[in-house]
Amino acid sequence: MKSIYRLLAILSLVFFLVGCGGAATPTDAPAEEEAPAEEEAPAEEEAAVEEEGVEEEPMEEEAATEEEASEEPAEAAAASGDGITLRWRTRPDNQAEIDVYQNVSDDISSAMEGVTLLYEPGGSETSSYQDVLKTEIAAGTAPDVFWIPGTDVADFATRGLIMDLRSMADATEGYSDDDFYPGPMEHLTFNPESGSSGEALWGLPRDVSTFALYLNLDLINEVGAPDPRELAANGNWNWDTFLEVASATRGLGSDIFGYGQNAWWGPYGYWINAAGGSFFSEDRTACALNTEESLAGLEFEQKLYTDFDVAVPYGEDSEPPFLAGKVAMFQNGRWATPGTRASADFNWDVVELPDGPAGPSNWLFWGAYVVNAKTEHPEEAWNLIQQLTTAETQGKIAELGANVPSRVSEEALDAFLNFTPPENNQAFLNGLANNPATEGPLWAGSWPEYDATMGPEVQAVLTGNKSIDDFAASICDEANKAFN
Amino acid sequence: MATVTATPGHQAQNTDAWLTIAVVWHALLCVASLGGTFWLWQTETIAGQSWLQTLLTVLLLLMAAASGLAAPLIIRRDHRGRVLSLVVNYLGFLVCFFGAWHVLGIFSGLNDLAGTFGRGIPFLFAVFIGYLVGAFGDRFEDNPAQQQLFQRIGRIIMLVAFVMFLFAIGLVQGLIAIAGRIDGPLPIALAVGSVLFATMIWVMWRQPAADAMNANNSHTEMLNGYLFLSPNLLGFLVFFAGPLLFSLYISFTDSDAFSTPNWVGFDNYADILNMSIAQLDAPNQPFSEVMDVSTYSEMTRFNFFGQNIVIGAEDRLFWLALRNTIVFVLVAVPLSVIPALFLSNLLNSKIPGMKFFRAVYFIPSIAAVVGIALIWQLLFNATIGYINYFIATGIEFTNQILGTAIADPQIRWLSDSRTALLSVIIIVAWQTMGFNTVLFLAGLQNIPKDLYEAATVDGAGSWAQFWRITLPMLAPTTFFVVTMTTIQAMQVFDHIFILMNPPAGPNNSTLSMVLYLYQKGFQRFEQGYASAIAWVLFIFIFALTFLRFQRERASAYEG
């Protein structure tokens with residue numbers, strides 16, 4: 001008998017030691033609950049950040065994150081007995097965002113009778129949010145509701161992975177597509193069979209965002225260059241004045257750069273769009289990268305790296321040098337604000353992107369909450385994504401400063417504008433108002449294929465390894481292969 | 001005396017009865033398996049999953065055949081019937097038992113226990129305290145009452161704490177929840193199946209049954225051997241060989257992982273390997289004028305004895321990935337092996353503190369790739385990275401001291417297509433070198449010292465000893481190290497995936513075979529195509545390894 005107790009003690013000691021090692025790992029649902037997704041997903045963010053590869057520092061807290069995020073609801077779910085449990089997932093960037101989403105989940109959970117919500121923050125340094133999500137869908141273990149970037153909607157919809165919510169939306173009192181920004185809704189209501197918008201509903205937009213230039217005011221003031229915010233206010237903020245500020249600040253030293261961007265489609269897309277060009281033809285069924293306007297935009301951008309030499313070398317992550325105070329103007333989306341607030345120890349603000357030859361331009365980035373086509377509770381899932389996109393919920397999330405509400409609502413926008421610094425939050429709203437090109441899925445082809453072809457070719461141009469003429473001669477031959 | 005002889009007789013009757021039951025059981029199993037096969041081809045439940053249908057059919061037919069064969073063999077008391085019966089029942093038990101676990105959510109529960117384990121740690125600590133209290137009683141051996149009191153208190157503490165631990169981690173609640181799930185026909189059927197199969201294993205395993213079936217010691221030893229081997233063998237078949245064959249099947253389909261795959265034969269392989277060569281009228285003649293750009297992409301153009309040639313490929317990225325991978329292997333393997341060889345010779349010395357250095361060089365091998373890649377990413381940053389900082393500082397210092405005017409190269413390690421792959425090679429070589437060093441060290445320890453002593457007597461210097469003794473004697477180790485490092489290098493993925501942004505690197509300069517496979521399989525979800533790439537890669541690695549083995553064998557014979 002004594003040996004049994006001794007064995008028990010030794011086992012306990014071993015458990016204890018093992019447990020100490022694993023104490024920092026997630027603690028989720030009790031044993032009787034179905035295991036939440038085991039993955040710790042990706043370094044993905046908004047579509048944008050995914051491409052951009054900004055590695056958000058808070059991801060280090062991933063493990064702790066999931067623990068805090070899902071422990072309580074899991075317990076609640078366990079206690080709920082026969083009630084419906086809905087799992088939902090989004091891709092937060094940091095612990096603060098996770099906490100807000102968790103609170104939102106708890107509030108909605110308590111408001112939805114008979115439904116228990118399990119919130120799963122997705123994302124990790126080593127795997128892609130969408131890759132993991134699709135793999136889980138294929139395995140039948142994906143959440144009921146999840147967020148995806150706007151560019152992926154077509155891919156998910158045409159593969160039959162997400163549910164068309166139109167019939168439920170039509171039967172829902174008070175619901176209107178018009179409550180959201182029209183750009184995302186045009187894509188979210190697109191029916192690929194008829195080729196028309198307004199006939200389907202693949203989800204509701206969680207948030208929107210645009211680019212702005214994050215300014216290091218200390219560098220700009222030091223060199224005595226004009227303040228871009230004043231230039232913008234006076235209507236003089238264009239490519240010439242932009243170049244003037246960039247060149248002046250570049251002169252401060254060999255390790256100081258006037259401008260920085262990251263290597264993904266968003267930043268170079270702006271230069272192409274602002275010159276009057278576009279990635280696609282107007283009906284989005286063919287490549288338009290070889291048009292005169294697109295090439296003009298790309299050529300100007302190329303000169304920023306070669307002839308003018310004002311930019312952080314293309315392909316280098318511009319965020320670390322910007323946060324280190326070595327970049328005067330850093331082009332990035334709203335999602336960069338929390339990181340800048342946390343890390344920048346210089347005076348900074350934001351300004352809208354300069355007007356190009358074709359006038360003001362920007363991107364309207366967005367992502368949407370969608371419903372898993374295999375969910376067992378479509379009605380409840382539809383109800384959930386409505387709850388997740390109310391003005392009240394969006395206001396709570398906008399207070400974090402990482403995104404702009406997707407609902408056209410004063411309440412939500414006020415919450416966004418009151419989040420300072422940056423003082424000039426209006427720059428983002430101006431970007432939304434002034435002719436933004438909506439980030440959009442490619443219904444007539446494969447966006448990942450198109451992006452995989454376009455990215456390296458553009459990079460070759462911007463790094464001086466390929467001439468504009470060579471680019472023009474071949475790019476659309478290759479890129480058009482991405483269309484069906 | 002009558003009692004003594006009656007017992008074996010009674011036992012023999014019992015055994016015969018059990019063996020009769022086993023015969024009936026296998027007959028039923030045979031009929032049930034055939035019925036199951038028939039049902040499989042009638043039901044709509046797995047319609048459209050032809051691979052699953054085929055697999056289950058094969059398994060059921062095997063089960064039917066084995067059972068059908070076992071029954072008459074058991075009747076004839078042939079020991080092979082016992083073996084067949086044990087195999088069938090063992091596999092049947094595993095399927096039912098783990099099937100029940102799956103259906104009842106026990107695997108998920110175990111997974112969740114890992115998550116809730118932290119809550120129980122204080123109680124585990126209390127269990128340990130209880131043990132210490134009980135052990136403290138041993139100090140009072142001269143006072144049994146006091147000793148027993150301490151031991152009793154210790155036991156109570158341990159028991160209470162352990163029960164609380166089970167509650168805290170949710171195990172008790174989990175077991176109750178699992179018990180509540182045994183209500184549907186499937187869990188009940190699996191549970192009953194587990195019990196029946198286990199019973200039949202017990203029936204056939206018993207020594208009386210073995211004796212009745214004329215099994216001898218060698219049969220028993222064989223069964224014992226396979227029993228101990230079975231966890232590994234089954235694990236290999238289920239988790240390695242099975243997926244491997246499945247991927248081969250998938251490579252002949254257009255599977256996207258979401259919908260029913262269609263058989264496409266060798267189309268995927270043809271698309272991967274399809275190339276075309278054309279002659280150009282002028283070196284800069286557009287590719288679109290000589291080849292169908294809707295099918296081919298330009299890979300390369302060159303001048304061959306005055307003729308301008310262009311090569312196009314249907315999947316240009318595959319060939320690019322193959323080229324990058326080969327370059328990676330050609331550079332990374334020597335950089336991982338040669339320094340390791342010299343380092344191991346240094347570390348083989350008997351000077352004080354050498355064990356510390358051995359550990360230091362080994363550390364990168366056990367460090368997490370994610371952490372390493374992220375740290376190197378910062379080091380390689382062209383604008384604020386330490387590597388460029390030290391290069392710039394060094395050049396500045398040199399210029400000041402020597403009065404030269406060397407320009408700072410400002411290397412864009414990760415964003416320049418000329419250096420991106422080199423950056424990855426540096427990291428991989430740095431990380432792999434430590435492990436290779438340990439392998440070489442082990443090889444060095446096996447070289448007889450008297451060889452060196454004899455060489456010294458003969459007047460051989462250090463270099464000659466290294467060249468004439470160490471290297472030849474290390475040949476088997478070198479072969480192993482080079483082979484393993486090459487295979488690993490051919491599969492480079494994680495370093496690139498984390499380090500580079502985008503992972504394919506500038507102008508696809510870091511696109512490796514496995515990265516391309518991943519992109520195709522898990523980002524664009526062309527799983528059929530990705531499986532075909534995987535098999536091409538497998539054939540490539542296999543051929544390379546086979547050639548190396550052949551060469552090694554030939555040189556061994558020559559030696």
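**Close-up views of the predicted model**

**View 1. D107(A) is partly exposed, with a relative accessible area of 40%, and its side chain meets that of K396(A) in a salt bridge.** The structure shown in this and the following views is a predicted model. In general, side chains of opposite charge can pair when their charged atoms come close. Here the distance between the side chains of K396(A) and D107(A) is 2.9 Å, taken from N to O. The pair links distant parts of the chain, since K396(A) belongs to helix α17 (residues 391-398) of chain A and D107(A) to helix α4 of chain A, 289 residues apart.

**View 2. A salt bridge joins the side chains of D177(A) and R166(A), with 2.6 Å from N to O.** D177(A) sits in the loop between α7 (166-170) and α8 (182-188) of chain A, whereas R166(A) is in helix α7 of chain A, so the pair ties together parts that are eleven residues apart in sequence. Are these two residues, D177(A) and R166(A), buried or exposed? D177(A) is buried, and R166(A) is buried as well.

**View 3. In chain B, the side chains of K520(B) and E526(B) meet in a salt bridge of 3.3 Å, N to O.** K520(B) is buried, with a relative accessible area of 7%, whereas E526(B), at 26% relative accessibility, counts as partly exposed. Elsewhere, in chain A, salt bridges that share partners join R87(A), R89(A), E120(A) and E136(A) into one network. A search of the whole structure finds 24 salt bridges over all chains.

**View 4. Strand β1 (residues 84-90) of chain A is mostly covered, as five of its seven residues are buried.** Seven bridges join β1(A) to strand β2 (residues 115-121) of chain A, and these two strands run parallel. Within this pairing, T85(A) stands opposite T116(A) in β2(A). To pass from β1(A) to β2(A), the chain goes through helix α4 (residues 95-111) of chain A, and this β-α-β crossover is right-handed. Strand β1(A) is also joined by two bridges to strand β3 (residues 145-149) of chain A, and these strands likewise run parallel. In that pairing, W88(A) stands opposite V145(A) in β3(A).

**View 5. T340(A), in helix α15 (residues 337-343) of chain A, is buried.** Its relative accessible area is 0%, and T340(A) is therefore counted as buried, a class that covers values under 20%. Which residues does T340(A) touch, if those up to four places away in sequence are not counted? T340(A) touches Y214(A), F322(A), L323(A) and W348(A).

**View 6. Helix α2 (residues 50-75) and helix α3 (residues 79-104) of chain B pack at an angle of about 145 degrees.** Two packed helices are described by the angle between their axes and the distance between the axes, and for α2(B) and α3(B) the axes are 8 Å apart. The crossing of α2(B) and α3(B) is left-handed. On the side of α2(B), the contact is made by M63(B), A66(B), S67(B), L69(B), A70(B), L73(B) and I74(B), while α3(B) contributes R80(B), G81(B), L84(B), S85(B) and V88(B).

Methods:
Residues are numbered from 1 along each chain as its sequence is written. Chains are lettered from A and ligands numbered from 1 in the order in which they are written. This is a predicted model: local features need pLDDT of at least 70, side-chain atom pairs count only at pLDDT 80 or more; totals for chains, interfaces and linings use all residues. Side-chain values use heavy atoms; hydrogens and water are left out. Helices (H or I, at least four residues) and strands (E, at least two) are DSSP runs, numbered from the N terminus. Buried means under 20% relative accessible area, exposed over 50%, partly exposed in between (1.4 Å probe, protein chains only). Contact means heavy atoms within 4.5 Å. Two strands pair if DSSP finds at least two bridges between them. A crossover is right-handed if, with the strands pointing away from the viewer, the path from the first strand over the helix to the second runs clockwise. A salt bridge is a side-chain nitrogen of Lys or Arg within 4 Å of a carboxyl oxygen of Asp or Glu. Axes are lines fitted to C-alpha atoms, for helices over the stretch in contact, and angles run from 0 to 180 degrees between N-to-C directions. A crossing is left-handed if the near helix is turned anticlockwise from the far one by less than a right angle, and right-handed if clockwise.
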